[in-house]
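The sequence and the structure come next, and the description follows them.

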Amino acid sequence: MIQSKVDSKFLGTIQDTFHGLPPMPGEVKIFFVFLAAGILVLLFCYWVKKYSWRKFIYTLLKNTPFGLKIDYQELNDKEKHVRRVARNISAGNEPWKVSSDEDILNKLVMSKMQLDVLVERSGQRSLAAVVNVSGIEGLDVVVTFKDLVSGEFIDPGTQVKCIFSEMLRGEKKVNAFIGQVKSKSDEKGMVITRRSSFGFIKRRVFARRKVADQRYIKIKIWQLESDDYDLDYILDKSEPDVLIDNRKFRIPNPSAEQVLDISKGGIALTAVVRKGGNVIARNNKVILCMLIYNPGRKVFQPHLIYAEVRAARAMGRGMTRLSFQFLRSLKVPPRKRSSLFKGQAVMAMSLNHPEH
């Protein structure tokens with residue numbers, strides 16, 4: 001009897017404890033509901049992101065009684081193909097297909113196509129400006145300047161060649177037209193009147209050659225302050241602003257001064273302007289001395305060239321990437337042929353008898 005009273009008091013105490021919990025306020029209930037809903041939404045988003053929404057919907061519906069049949073892999077491949085084609089077109093790797101001149105003009109305006117505007121100088125083409133097409137007015141092509149390289153060469157009345165990214169008309173490539181500058185504003189752009197149908201022009205006249213072994217070519221560059229220069233004084237008494245003379249440097253090194261490539265029309269290199277030398281900028285005229293090894297005669301052959309800077313871009317660490325266009329050759333004074341660079345005979349002998 002006594003034990004029974006103890007048990008009933010104990011159980012009653014437990015029951016009173018549970019019944020004694022206060023009711024949960026409505027605001028707290030709402031908070032926990034939103035917390036649970038937020039966690040579920042985050043889990044759902046993570047799942048969809050990880051497995052892709054297409055695959056999630058496909059997995060959800062593939063076994064429904066509606067007979068839905070989706071080849072998910074094929075769908076995914078098509079999507080990748082569309083993205084790849086769009087990427088290639090924007091990068092210029094896969095040409096647009098066109099059917100008429102009007103179609104070409106529409107593509108030029110729609111994509112704000114970049115045009116290289118070229119002029120004839122010293123018997124070869126020269127880049128005068130890089131522009132973007134902004135509109136078409138009959139035969140007139142309205143463009144805005146992206147990079148005005150040599151504005152003095154594209155005055156109104158000048159004949160120009162305009163080259164854009166390749167397009168395919170049937171089985172033929174189309175990438176250019178010949179025009180004439182109708183008007184020009186250095187701030188806004190210019191209007192070019194088309195004087196020919198659309199055709200194809202090779203973007204580069206001369207093939208570029210990489211310089212694999214830097215020991216085979218030496219470079220000296222003097223910047224000219226005017227066209228009235230004394231060549232003998234420059235060669236005898238003036239220190240070059242740029243000197244590239246790698247005697248042991250065989251493999252190209254991005255952090256070293258070197259000749260990048262060369263063609264019949266120009267040369268590109270990375271260099272450091274000597275301390276106290278003239279800073280070389282675009283459109284500057286220079287005297288460029290090249291010493292190129294001639295394997296047939298087993299000697300270094302000197303060349304003097306009057307050239308113009310077409311591009312100059314800082315690369316950091318004092319390095320500058322320079323591109324030059326050759327304008328005309330100059331006669332090398334006979335007394336300077338063997339002394340333009342120090343140790344020409346020793347350098348030639350080293351190349352003629354390489355170490356084994």
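## Surface and overall make-up

The accessible surface of the chain comes to about 23,200 Å², and carbon and sulfur atoms account for 57% of that area. The model is a predicted one, and its chain holds seven helices and 15 strands. Of the 356 residues, 35% count as buried. Among the contacts with a separation of 6 or more, 60% are between residues 24 or more positions apart.

## Confidence

The mean pLDDT of the chain is 81, and 76% of the residues reach at least 70. Confidence is lowest in helix 1 (residues 2–19), with a mean of 48, and highest in strand 7 (residues 189–194), with a mean of 95.

Where pLDDT is low, the predicted coordinates should not be read in detail.

Eight strands form an open sheet in the order 8-11-12-15-14-13-9-10, and their pairing is antiparallel. Strand 8 (209–210) and strand 10 (242–244) stand at the edges with a single partner strand each, so one side of each has no neighbour in the sheet.

Within this sheet, strand 9 (residues 217–223) and strand 13 (residues 285–294) run antiparallel and are joined by seven bridges. K220 stands opposite C289 of strand 13.

## Two nonpolar cores

The largest nonpolar core has 26 residues, of which L108, V117, I154, F164 and M190 touch the most other members. Two or more residues are given to this core by each of helix 5 (101–110), strand 2 (114–121), strand 3 (124–137), strand 4 (140–148), strand 5 (159–169), strand 6 (172–185) and strand 7. A second, separate core has 21 residues, including V242, I280, V286 and M290. In soluble globular proteins, nonpolar side chains tend to be buried together.

F164, when its neighbours within four places in sequence are left aside, is in contact with I104, L108, M113, Q114, L115, V174, N175, A176, F177, F198 and R203.

## Helix 5 and its cover

The buried residues of helix 5 are D103, I104, L105, K107 and L108, and what covers them includes strand 1 (96–98), strand 3, strand 5, strand 6 and strand 7. Just after this helix, K112 takes a positive phi of about 50°.

V117 lies in strand 2 and counts as buried because its relative accessibility is 0%. The C-alpha atoms of V117 and I163 are 6.8 Å apart in space, although these residues are 46 apart in sequence. Beyond its neighbours within four places in sequence, V117 is in contact with S126, L127, A128, A129, V131, I154, V160, K161, C162, M190 and I192.

S150 lies in the loop between strand 4 and strand 5, and with a relative accessible area of 0% this serine is buried as well. Residues up to four places away in sequence not being counted, S150 touches L127, A128, N283, E308 and R310.

Conventions
Residues numbered from 1 in each chain as written. Predicted model: local features only at pLDDT ≥ 70, side-chain atom pairs only at ≥ 80, totals over all residues. Heavy atoms only, no water. Helix = DSSP H or I, 4+ residues; strand = E, 2+ residues; numbered from the N terminus. Buried < 20%, exposed > 50% of the residue type's maximum accessible area, 1.4 Å probe, protein only. Contact = heavy atoms within 4.5 Å. Areas by Shrake-Rupley, 256 points an atom, 1.4 Å probe, with all protein chains shown as cover. Pairing = 2+ DSSP bridges. pLDDT = per-residue confidence, 0-100. Core = buried A, V, L, I, M, F, W, Y, C linked by side-chain atoms within 4.5 Å.
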